Amino acid sequence: MPSSLRRAVVILVAPKYLVGAVAVIRDSESGNLLLLRQPSKAGWSLPAGLLKRHEEPAVGAARELFEETGVRISPDDLTPGVPNAIVHPVGVVDTVFFGTVAAAQATLDIDGGEIVDVGWFPVDDLPRLTANTIKLLACYDLAPEPSTPQPAAEPNAGPETVTRADGDQP
């Protein structure tokens, strides 16, 4: 089989993955975890998103963290998780990075469109999480195993949450 045809066959049958970056951010004082809520998801999740073309994963994690929560952290201050990549069954690979910030000095800022709420939560008292967030946090012993049922979400759950930029409650 000619090499050009072999290459075409491999491209057609090889699995395709989207690569994203996730920021697991803890408060440097309390250890609380920064979570956010999106209108399209049933539960709270971590700041995350797809990498841009040729973007370094740590840079993408820092960018997504800022875009979704308003919290700035240098990519150099993010530590790769071990394992660094989590493969989801839907064809997404998440690269995971950990960091800390002082929540008391961090200004949380959301747009009210893509993100409707953001807050700091104690690891032992997390709100209802999305299935992917449970799976990811369980890999780092920060959440119950994915098979553990979660209680129903309560509106504005959490000790420190932010409402949309327009001041309305989500």
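A residue counts as buried under 20% relative accessible area, as exposed over 50%, and as partly exposed in between. In this predicted model, E67 has a relative accessibility of 43%, so E67 is partly exposed.

E67 belongs to a group of charged residues. R63 forms a salt bridge with E67, with the closest N and O atoms 3.3 Å apart. Both residues lie in helix α2, four residues apart, about one turn of the helix. Salt bridges that share partners join E55, R63, E64 and E67 into one network. R63 also bridges to E55, where the closest N and O atoms are 2.8 Å apart. A further salt bridge links E64 with R63, at 2.9 Å between the closest N and O atoms. R63 is buried, because its relative accessibility is 16%. E55, at 15%, counts as buried too. E64 has a relative accessibility of 8% and is therefore buried. The count of salt bridges in the model comes to four.

Helix α2 spans residues 57-69 and has 13 residues. From its first C-alpha to its last, the helix reaches 18 Å, close to the 18 Å expected at 1.5 Å a residue. Its buried residues include A58, G60, A61, A62 and L65. The buried residues of α2 pack against strands β1, β2, β4, β6 and β7. Just after the helix, G70 takes a positive phi of about 85 degrees.

Strand β7 is one of the packing partners of α2. Five of the five residues of β7 are buried, so the strand is largely enclosed by the rest of the structure. Both faces are covered. D117, G119 and F121 are buried on one side, and V118 and W120 are buried on the other. β7 pairs with β2 in the antiparallel sense, over five bridges. In this pairing, L34 stands opposite W120.

The loop between β7 and helix α3 holds T130. T130 is buried, because its relative accessibility is 10%. Beyond its neighbours within four places in sequence, T130 is in contact with K41, A42, G43, W44 and S45.

The surface has a nonpolar patch. M1, L5, V9, L12 and V13 make up this patch, which has an area of about 550 Å². L12 is placed in helix α1, residues 3-13. L12 has a relative accessibility of 72%, so L12 counts as exposed.

Methods: Residues are numbered from 1 along each chain as its sequence is written. This is a predicted model: local features need pLDDT of at least 70, side-chain atom pairs count only at pLDDT 80 or more; totals for chains, interfaces and linings use all residues. Side-chain values use heavy atoms; hydrogens and water are left out. Helices (H or I, at least four residues) and strands (E, at least two) are DSSP runs, numbered from the N terminus. Buried means under 20% relative accessible area, exposed over 50%, partly exposed in between (1.4 Å probe, protein chains only). Contact means heavy atoms within 4.5 Å. Patches are made of residues with over 30% relative accessible area and no salt bridge: like charges are joined within 9 Å, nonpolar side chains (Val, Leu, Ile, Met, Phe, Trp, Tyr) within 5 Å. Accessible areas come from the Shrake-Rupley method with a 1.4 Å probe; for residues, only the protein chains shown count as cover. A salt bridge is a side-chain nitrogen of Lys or Arg within 4 Å of a carboxyl oxygen of Asp or Glu. The expected span of a helix is 1.5 Å times one less than its number of residues. Two strands pair if DSSP finds at least two bridges between them.
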